Amino acid sequence: MEVLWYQGSDQFGTPVLLYKARTLDYSSQKASYAGRASFGLKEETSGGLKAGDVSLKLENVTIEDAGKYICVVSSFDDSDSASISLTVTETGHQPLLSAVMKDDNKVNLSCQSDGWHPKPELSWSDSKTALIPGNVMFSKNSAGFYSVHSWVLVSSPSEVSCSVGLFNEEPKETRMRQKNSLEEGLWFHPQVSFISLL
């Protein structure tokens, strides 16, 4: 029996994991998977390879590992294949807020957060409603991580929050409260839960 795991369209290139002649063959393994790919257990009671469990186990997963994986199991007289898609996410940093006082009692608030994958969602709100940003810009670094930057113009005094997060995950939020005058200051803080003891 031979078991071949490969990524995407790399069927005739270098495998992620290759099992043949009753042993793992690392000689042709794709270099980026060396020491990270092995057979895993679909369930703790699956019995492993001897029982037909050819599950792929990847360790120290990176965003480059995302994509489609195909497993081909073959013997002298038959073969079969199955595929699975791997999605890799990375939660970025707490949003950073900065403020610049403008004319006519307005404040230009800026929000930035780095280190996300895939591209995150950003939203602004005050204590009553969602705010429409002046702009939302994304950039991607050489490692594949996204940064997001946005700004919004608000009236003073006010309390405004910027939330950044991935779809279907709890966002990271930072709030800013401006007092009645600029001299009284601006207060920044990440979203935290407060418990009041009576």
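Trainee: Let's start with S113. Leaving aside its neighbours within four places in sequence, which residues is S113 in contact with?
Mentor: S113 is in contact with H93, Q94, P95, Y146, S147, V148 and V164. Contact here means heavy atoms within 4.5 Å. Keep in mind that this is a predicted model, where local features need pLDDT of at least 70, side-chain atom pairs count only at pLDDT 80 or more, and totals for chains, interfaces and linings use all residues. Residues are numbered from 1 along each chain as its sequence is written, and side-chain values use heavy atoms, with hydrogens and water left out.

Trainee: Got it. Where does S113 lie, then?
Mentor: S113 lies in strand β9, residues 106-116. Strands (E, at least two residues) and helices (H or I, at least four) are DSSP runs, numbered from the N terminus.

Trainee: And is S113 buried or exposed?
Mentor: S113 is buried, because its relative accessible area is 1%. The cut-offs are under 20% for buried, over 50% for exposed and partly exposed in between, with a 1.4 Å probe and protein chains only.

Trainee: What does its side chain reach?
Mentor: The side chain of S113 reaches the backbone oxygen of H93, at 2.5 Å.

Trainee: Nice. Which sheet is β9 part of?
Mentor: β9 belongs to an open sheet of four strands, ordered β8-β9-β13-β12, with antiparallel pairing. The edges are β8 (96-101) and β12 (135-140); each has a single partner strand, so one side of each lacks a neighbour in the sheet. From one strand to the next, the twist averages 20°. That angle runs between N-to-C directions, on a scale from 0 to 180 degrees, with axes fitted to C-alpha atoms.

Trainee: How many bridges join β8 and β9?
Mentor: Six bridges, in the antiparallel sense. Two strands count as paired if DSSP finds at least two bridges between them. As an example to look for, S98 stands opposite S110 in β9.

Trainee: What about disulfides: how many does a search of the whole structure find?
Mentor: The search finds one disulfide. C111 and C162 form it, with their sulfur atoms 2.0 Å apart. The cut-off for a disulfide is a pair of cysteine sulfur atoms within 2.5 Å.

Trainee: Which parts does that pair tie together?
Mentor: C111 lies in strand β9 and C162 in strand β14 (residues 159-165), so the pair ties together parts that are 51 residues apart in sequence. C111 and C162 are both buried.

Trainee: Is that disulfide left-handed or right-handed, and why?
Mentor: Left-handed, because the torsion about the S-S bond of C111 and C162 is about -80°.

Trainee: Switching topic: what is the strand order in the open sheet of five strands?
Mentor: The order is β3-β2-β1-β6-β7, and the pairing is antiparallel. Its edge strands are β3 (23-24) and β7 (79-86), each pairing on one side only.

Trainee: How many bridges link β6 and β7?
Mentor: β6 (residues 67-74) and β7 pair over eight bridges, in the antiparallel sense. I70 stands opposite S83 in β7.

Trainee: Now the loops. Where is A21 found?
Mentor: A21 is in the loop between β2 (17-20) and β3. Its phi is near 50°, a positive value in a residue other than glycine. A21 counts as exposed because its relative accessibility is 68%.

Trainee: And what is phi for N168?
Mentor: Phi of N168 is near 65°, again a positive value in a residue other than glycine. N168 sits in the loop between β14 and β15 (172-178), and at 69% relative accessibility N168 counts as exposed.

Trainee: Is the peptide bond from H117 to P118 cis or trans?
Mentor: That bond is cis, with omega near -5°. P118 lies in the loop between β9 and β10 (121-126).

Trainee: Last one: how many helices and strands does the protein chain have?
Mentor: The protein chain comes to zero helices and 16 strands. Of its 198 residues, 33% are buried.

Terms used: Polar contact = N/O pair within 3.5 Å; in protein donor to acceptor, adjacent residues only side chain to side chain.
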